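Subject: Structure handover

Dear colleague,

Please find the sequence and structure below. My notes follow.

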Amino acid sequence: MAQNPSSAPDTSRRSERSRRAIYDAALALVAEVGYPKTTIEGIASRAGVGKQTIYRWWSSKADVLLEAFLDLSDQAAEAAGQKPYTIPDTGDLAADLKNVLRATVDELGDPAFEAPSRALAAEGVVNEELGRRFVAQLLEPQLQLYVDRLRAAQETGEVRPGIDPRIALELFVSPLAQRWLQYTGPITYEYTDTLVDYALHGLAPR
């Protein structure tokens, strides 16, 4: 007797629930115990799934965590109504950069993002392979958004044509990252607004 389609198990929905539980478990666990002590077994136990479920989708805990972070970024972009995310181009470069950095300040202050981010960033300093993957898969795509916006500003004359956007973005992104990682000062809108002003206008008298 044929099974009623409406009563058939929705495997795709069940898989998505499991995947979401694994993402949440991985991020929570790495925040609590750090990357070295995070294990596939621990993630599976916390997510309420079997180890084999995780290994069916990922080959290592690094793969799980990196994908979980990508998903976290996608969720943030979707919540902001911008998926795929781009830095808005309103025609005012300073305002656009200040707005995106203010959003970054909010993200860095969100415990759901901050704690696992710190754990992975700290491990990336001593674990070269993880650090390179973290940069390639998570950081570089975000930095490329700044490159694209600065190149657009070059086309409209807001930025000199000879400027290398990849170097220029470090004038405001890198100080923010250092302050966040090393607790050298408060992370505020005023701070990131000032970084943009200094980066765009320089330090010499106008």
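At what angle do α9 and α10 pack, and how far apart are their axes? The angle is about 145° and the axes are 8 Å apart, with axes being lines fitted to C-alpha atoms over the stretch in contact, and angles running from 0 to 180 degrees between N-to-C directions. Helices are DSSP runs (H or I, at least four residues), numbered from the N terminus.

The model is predicted: local features need pLDDT of at least 70, side-chain atom pairs count only at pLDDT 80 or more, and totals for chains, interfaces and linings use all residues. Residues are numbered from 1 along each chain as its sequence is written, and side-chain values use heavy atoms, without hydrogens and water.

For α9 and α10, the contact (heavy atoms within 4.5 Å) joins Leu 171, Phe 172, Pro 175, Leu 176 and Arg 179 of α9 to Tyr 191, Thr 192, Leu 195 and Ala 199 of α10.

Helix α9 (residues 170–182) also packs with helix α5 (residues 93–108), at an angle of about 15° and with axes 12 Å apart. That makes the two helices, α5 and α9, roughly parallel (angles under 35 degrees). Here Leu 97, Leu 101, Thr 104 and Leu 108 of α5 meet Phe 172, Leu 176 and Trp 180 of α9.

Among the residues that line the second largest pocket are Leu 171, Phe 172 and Ala 199. A pocket is an open set of points on a 1 Å grid over the protein atoms alone, where a 1.4 Å probe fits, with protein on both sides within 12 Å along at least five of seven lines; lining residues have an atom within 4 Å of a point. Helices α8 (165–168), α9 and α10 (189–201) each supply at least two lining residues of this pocket.

Regards

Terms used:
Parallel < 35°, antiparallel > 145°, perpendicular 65-115°, else oblique.
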